[in-house]
Amino acid sequence: MAKTHKITLIPGDGIGPEVSGAVVKIVEAAGAATGVAFEWHRYAAGAEAFETTGEYIPKALYDSIEENRVALKGPVTTPIGGGFSSINVALRQKFELFANFRPVKSLPGLKTNYPNIDLIIVRENMEDLYAGLEHVVVPGVVQALKIITEKGSTRIAKFAFDYARKHGRKKIHAIHKANIMKLSDGLFLQCCRAVAEGFPEVSYAEHIVDNTCMQLVMNPYQYDILLTENLYGDILSDLCSAFVGGLGLVPGANLGTECAIFEAVHGSAPDIAGKDMANPTALLQSAVLMLHHIGESATANRVQDALEQVYREGKTLTKDVGGTSGTKAFADEVLQAMEMSQTATT
């Protein structure tokens with residue numbers, strides 16, 4: 001009898017339903033081949049949810065994530081002018097998903113200016129300017145508070161070093177602007193240094209964020225794991241995604257002690273919604289991270305191997321990576337690659 005995992009699914013809007021539909025189909029097929037089943041609890045969030053429930057994040061969605069402890073989330077549009085400043089930030093803060101984990105790795109067969117990239121960005125997910133603490137001092141003057149705590153900085157540093165030790169990563173750079181923000185970024189560095197002392201096998205260094213941007217463009221291969229505060233990590237994630245083909249390929253995980261939400265880092269792209277043009281790779285690779293997280297590595301590897309085979313062959317790719325195929329054809333090709341792999345091993 002197949003083991004069943006209950007997963008909260010937020011299809012999203014724009015291209016969200018298309019890419020999430022493709023991903024669910026692929027994950028279920030991989031699970032069927034490895035003795036794993038999935039029970040998807042679907043909920044809307046953002047503009048779509050507000051239209052039907054009057055809430056940007058319905059209570060039923062919060063309850064589902066709390067119960068299942070794992071969610072897969074497509075891109076969601078946050079309406080401008082009211083409600084949450086960000087659906088993503090609201091979910092992260094609600095469930096204290098303090099670690100944002102973004103691996104940036106080249107896919108085989110995809111030609112870019114930077115081949116064979118293998119970077120990881122570990123971003124603090126709760127503090128910094130993303131705390132959203134702003135107020136008007138006097139008309140024409142607005143103050144935003146940058147919040148950095150010893151608890152938050154130590155926790156994210158420990159996460160990064162624990163990951164490096166477990167997965168054999170050899171180098172961590174803490175990214176900062178402590179030359180200017182001596183107290184806030186200074187505290188972040190103090191915490192990183194203290195944690196680094198307990199991991200002598202991992203090389204530790206510090207780079208100023210603006211210099212890091214230049215160094216990444218000149219030679220990204222000098223980096224292994226980038227350990228960052230919230231804002232710097234957001235910016236560097238987008239920059240690094242360009243090395244491997246763009247945001248449409250990069251997965252993301254938001255991890256806490258109790259819950260985890262896995263999501264594509266790209267937007268909802270309403271201009272191509274419903275046109276069978278969207279690339280589901282980012283959300284599919286996010287689902288791979290999710291499968292590893294819930295202990296289903298055999299299923300995760302089956303999906304990842306098939307995805308890489310499709311890119312290696314390069315015959316059925318979406319337009320954003322130089323192909324001519326649509327979302328459905330791409331997903332079908334991944335499914336076929338999984339079937340062929342299973343046939344070859346039986």
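1. Lysine 328 and aspartate 332 form a salt bridge, with their closest N and O atoms 3.0 Å apart. The term salt bridge here means a side-chain nitrogen of Lys or Arg within 4 Å of a carboxyl oxygen of Asp or Glu. The two residues are 4 apart in helix H11 (residues 327-345), so about one helical turn separates them. An α-helix has 3.6 residues a turn, so residues three or four places apart point the same way. Lysine 328 counts as exposed at 53% relative accessibility, while aspartate 332 is partly exposed at 28%. (Buried is under 20% relative accessible area, exposed is over 50%, and partly exposed is in between, using a 1.4 Å probe and protein chains only.)

2. A word on the model. It is predicted: local features need pLDDT of at least 70 and side-chain atom pairs count only at pLDDT 80 or more, while totals for chains, interfaces and linings use all residues. Residues are numbered from 1 along each chain as its sequence is written, and side-chain values use heavy atoms, leaving out hydrogens and water.

3. The structure holds 19 salt bridges. Glutamate 258 pairs with arginine 69, the closest N and O atoms being 3.1 Å apart. Glutamate 258 sits in the loop between strands S11 (251-255) and S12 (260-264), and arginine 69 in the loop between helix H3 (59-68) and strand S3 (70-73), so the pair ties together parts 189 residues apart in sequence. (Helices, H or I of at least four residues, and strands, E of at least two, are DSSP runs numbered from the N terminus.) Glutamate 258 is partly exposed at 45%. Arginine 69 is partly exposed too, at 44%.

4. Is the next pair buried or exposed? Aspartate 224 and arginine 169 are both buried. Their salt bridge brings the closest N and O atoms to 2.6 Å.

5. Now helix H8 (residues 230-244). It has 15 residues and reaches 22 Å from first C-alpha to last, close to the 21 Å expected at 1.5 Å a residue. (The expected span is 1.5 Å times one less than the number of residues.) Its buried residues include Tyr232, Leu236, Cys240 and Phe243. Among the elements covering the buried residues of H8 are strand S4 (99-105), helix H6 (184-196) and helix H7 (209-218). (Contact means heavy atoms within 4.5 Å.) Just after H8, glycine 245 takes a positive phi of about 125°.

6. Valine 137 is found in strand S6 (residues 134-138). Valine 137 is partly exposed, with a relative accessible area of 47%.
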